[in-house]
Amino acid sequence: MSFHFSRIFSASTPLWFCPFRPFFLFAAAQGALAMAAWLGMLTGLLPLPKVAGGAIVWHAHEMLFGFAMAALAGFLLTAVPEFTGQPPMPRRRLQWLVALWLAGRLAFACAGTLAAWLAALCDLVLLSMLIGSIAGPLWRQPDRRHIAFVYALLALLFTHSGFYFALLAGDDAMPWLRLAIGVLMALIIVALSRISMRLINDILAAQGTETAPYLARPPRRALAIFAIAAYSVGEFLLPGNAVAGWLALAAASAIANLLNDWHIGRALCQRWVLIPYLIYVCMALGYALIGVGRLSGMEATSAGEHLLVVGALGLAILVVMAVAGSIHSGWGLDHRGWLPLAAGLLCLATVLRALAEWPAAVIAENGLAASALIWFAAWLIYLANAVRILAGPRPDGKQACDETHQGNC
Amino acid sequence: MAWLTATGRYLWCGWGSLASLFLFLALWEYAAQHFGPLILPTPGEAFGTLAELFSSGAAWPEILVTARRALLGYGLALSLGSLLGLLVGLSVTASVLARPIVTLLVGTPPVAWLILALLWFGAGDGTPVFTVFIACFPIVFVGAMQGTRTLDGQLQAVAQMFGLPWWMKLADVYFPHVVSYLFPGWITALGTAWKVVVMAELLATSDGVGAALAVTRSHLDTAASMAWIVALVGSLLAIEYLLLEPIKRKIESWRTFA
């Protein structure tokens, strides 16, 4: 037993080669397990958890600050050293971060009020350490072109702190989680622009097409982020107000406006382009649904928010983990069929989850469960295909985060 | 097919404008909630009233009357202004002569013309039509004049040298250049026509959108006033972005190659 433990924690185990490896693994596991638990609670197989804030807060928090946070940490701790040309973080420090994340999940799951303190401590220290690791290098870059990540993480720290303050004070903590959704949407736009610029232009170059190169244009991005921020703050300050409805429509339009960058002809049908495109489609539809529902008096905020988190956030995490995970572990882009399958399942889960809010739905009860089940299946598929990549040795025998230059597997 | 793609692209670019319009509506909504319905109705109330006006059939006759007047005045200004402007632009002397007069016409406020028109034409169609005409004319005239004044002499010489037939010179050398000056003038004039006709109706006639606005004002019906204003501005935006701007892009496509 102790032999196994020492093997897992030994810094030369492939799992610790690079920060994305443990974090992506745990993110996918959390995505699957937390949803399975939620499915159990929905169907009455599991008792509702006795956590501070109630079961819905637990569900929302674990998906946003458990699942998404792990994926975010893995991505940033891998991408920022690459952007700035610095070595990846020391493996011991990485192990501490992962331990903090795990402890936070455990503490929150057991949270009566007492353990909520513990969860707050673990989660907020993790987020602060994450900011501490990436802020310096990004700030020292001559043109500070990636500094938006730091601002977004600071906003995330603010909302997460606010969440725990509200939770511990016994107030309604959901508005803070809604605010966090806005921050995550902005983060998706920031991160995706960096990833897609390279990925799509590589594909266009490989195809030898003569269309104009893909450019993620900063003013459009800034408008979309501004509109999302305006909606999130508006909804936070004036919950349920029509003002937020208009702002949601503005956000939807600004995101649809982003898609102008993506209309690059036939290359759009490639999976590496289509999945990111669908992320923005889900995001725009989500905000549009929130806005239209609010203004027409047929409140659809929950359905819209699930379009944002199941559709946009779920797809974004899937594609980022699939791309960054296989490139930085030396395997090259993964062209196998499981990725479109998992992405398709996530889209299906999104549609079902949104339809489950339909007033006269036969699928209302079954829709929730079916959507959760499909989401669960999608992450199982990811895990089944990624465990070997994330926890196994590199094909080139190195022990680093280097990208492959050998082409595709 | 390429044209279809370009149109689709152009329409999709509209999302950016929509985003800023929605932000504006959010501000309006906030202000309306703050000040109350008597000062400022919410966008929802204004749109609702507008929809009612349309579904009850009360809106169409007024809009048709107003559109007829605006288009008549605008059409007169367009044809006369363009023709005279193009002709005057051919002669330097005429241009020098025309400039102070145009300045005078532009400088006179439309309300002053309206008063004169009331004296001359009375309270009928003539007053708004004339006011629209006189407000739009100098704008179109200046554009047309600039168009012929700035024709490229070298291009003319080249066309001459190659012995282009007159209709080819007209269609491929003169027309594209002149239109690039005329068109902005036409668009500005259209906006002016739409604004001026309502003002003229408000003060001078008993029918049309302007008169309807006067009635809503006297009834302190802010929601209906806003509804009419929304209809006016909305139709202007639609004409400009869905009709004129695409035509302009089509006609000015040579500029990207020039």
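Predicted model: local features only at pLDDT ≥ 70, side-chain atom pairs only at ≥ 80, totals over all residues.
Figure 1. Taken along the principal axes, the C-alpha atoms of chain A fill a box of roughly 60 × 60 × 40 Å.

**Figure 2. Helices of chain A.** The secondary structure of chain A consists of 13 helices and 0 strands. Among contacts in chain A with a separation of 6 or more, 74% are between residues 24 or more positions apart.

**Figure 3. Helices of chain B.** Chain B has 11 helices and 0 strands. From the N terminus on, its elements run α-α-α-α-α-α-α-α-α-α-α. The C-alpha trace of chain B spans about 70 × 50 × 30 Å along its principal axes. Of its 258 residues, 32% count as buried. For contacts in chain B between residues at least 6 apart in sequence, 75% join residues at least 24 apart.

**Figure 4. The largest nonpolar core.** This core has 158 residues, and A71(A) and A250(A) touch the most other members. Helix α3 of chain A, residues 55–84, gives the most to this core, with 18 residues. In soluble globular proteins, nonpolar side chains tend to be buried together.

**Figure 5. Surroundings of A250(A).** Leaving aside residues up to four places away in sequence, A250(A) touches A227(A) and A230(A) in chain A. In chain B, A250(A) touches A19(B), F22(B), L23(B) and A26(B). Another core lies apart from the largest one and has 47 residues. Among the residues of this other core are A77(B), V129(B), F141(B) and A189(B).

**Figure 6. Contact between chains A and B.** Here 16 residues of chain A are in contact with 15 residues of chain B. On the side of chain A that touches chain B, the elements giving two or more residues are α8 (218–237) and α9 (242–258) of chain A. Helix α9(A) gives the most to this side, with 10 residues. By class, the side of chain A that touches chain B has 12 nonpolar and 4 polar residues, and no charged residues.

Technical notes:
Residues numbered from 1 in each chain as written. Chains lettered and ligands numbered in written order. Helix = DSSP H or I, 4+ residues; strand = E, 2+ residues; numbered from the N terminus. Buried ≥ 20, exposed ≤ 12 C-beta atoms within 10 Å, placed from the backbone. Contact = placed C-beta atoms within 7 Å. Core = buried A, V, L, I, M, F, W, Y, C linked by C-beta atoms within 7 Å. Nonpolar A, V, L, I, M, F, W, Y, C, P; charged D, E, K, R; others polar.
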